[in-house]
Structure formats: structure tokens, C-alpha cells
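Dear colleague,

Please find below the structure that I am handing over to you. I would be grateful if you kept it open while reading the notes that come after it.

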Amino acid sequence: MNSTILTVNMDKTFTEQVSSVFEKIGISVISSTNGLDGLNQARAVNPDLVITDITLPYLNGFHLCKLLKNDERFDHIPVVFVSIKDDQDTQHTVNQVGADAFIKKPVTNEKLVRELIRILP
């Protein structure tokens, strides 16, 4: 499997978790700690999947998702939110911006793999 995942998250521990789990099964992982850099990386690399948090510097995860989903060059890329926020307003906004899934933190490696493998093209 020659897939690439882009993580956009300020949580270094979570990013390392994703890298550790997916690189073991042959999936490349690139990362960013802010939304603007994440958007630029998505545009440059065209990853197979974007995993983002909601709260990010420069460009929040909702805006990042909306920009990708409203651009025909990138609208095919699945976007998954992984966040501690899980209230009704958050869920509504996740759906509104066109995200493909939401996973609540903390998340086990098993659940992360199961959910993301299901979504990867």
C-alpha cells in the first residue's frame, strides 16, 4: 500500500502515534502543526487522507477542511477530524464542512487503524 497520510495537529504525541502505527504497515505519514502549513502540504503532496484537529494556529481545522472540499483538485481527499471536542455544535460543523469522519480523542491504536483503513482509498 503506497498511501500517504497528512496529520495536521499541534499534539506531537498524537502525530507520533499516527506515524508509528501507519509507517509499520507501509503508509507514509507527513505532519504539520498548523492549518496554513497543512493546507500548503495537502496542495503540494495530494495525500490519500488528511487527519486534522479542530483547534489549530493560523487556520482552524474546519476552515482547512472546507478549503480542501471546495477545491476540485482536492475534494476527493478524505478528511478525518480527531479531537477532544465532541459536543453537538462540533458534530454539526464537522458535517457542514464535508468531513468524512470524526474520531474522539483519546483514541487507541486499534481504533485508529480500523477507522482510517476503512476510509483510505
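This is a predicted model: local features need pLDDT of at least 70, side-chain atom pairs count only at pLDDT 80 or more; totals for chains, interfaces and linings use all residues.

Residues are numbered from 1 along each chain as its sequence is written, and side-chain values use heavy atoms, with hydrogens and water left out.

Salt bridges

A salt bridge is a side-chain nitrogen of Lys or Arg within 4 Å of a carboxyl oxygen of Asp or Glu. By this rule the model has five salt bridges. Which residues are linked in a network of them? Asp 11, Asp 53 and Lys 105 are.

Helices (H or I, at least four residues) and strands (E, at least two) are DSSP runs, numbered from the N terminus.

Lys 105 also forms a salt bridge with Asp 53, at 3.8 Å from N to O. This pair is 52 residues apart, with Asp 53 in the loop between strand S3 (49–52) and helix H3 (61–69).

Are these residues buried or exposed? Buried means under 20% relative accessible area, exposed over 50%, and partly exposed in between (1.4 Å probe, protein chains only). Both Lys 105 and Asp 53 are buried. Asp 11 has 29% relative accessibility, so this residue counts as partly exposed.

Another salt bridge joins Arg 118 and Glu 115, whose closest N and O atoms are 2.9 Å apart. About one helical turn separates the two, because they are three residues apart in helix H5. Arg 118 counts as exposed because its relative accessibility is 56%, whereas Glu 115, at 18%, is buried.

The twelve residues of H1 should span 16 Å at 1.5 Å a residue, and the end C-alpha atoms are 16 Å apart, which agrees. The expected span is 1.5 Å times one less than the number of residues. Among the buried residues of H1 are Phe 14, Val 18 and Phe 22. The buried residues of this helix pack against S1, strand S2 (28–32), S3, S4 and H5, where contact means heavy atoms within 4.5 Å. At the start of H1, a side-chain oxygen of Asp 11 comes within 3.1 Å of the backbone nitrogen of Thr 13.

In H3, the buried residues are Gly 61, Phe 62, Leu 64, Cys 65, Leu 68 and Lys 69. They line one face of the helix, because seen down the axis of H3 they fall within an arc of 160°; the arc is that of the directions from the helix axis to the C-beta atoms. These residues pack against S1, helix H2 (35–45), S3, strand S4 (79–83) and helix H4 (88–96).

Leu 112

Leu 112 is in helix H5 and is buried, with a relative accessible area of 0%. Not counting residues up to four places away in sequence, Leu 112 touches Phe 14, Gln 17, Val 18, Phe 22, Ile 103 and Val 107.

Yours sincerely

Key:
A polar contact is a pair of N or O atoms within 3.5 Å; within protein, one must be able to donate a hydrogen and the other to accept it, and residues adjacent in sequence count only if both atoms are side-chain atoms.
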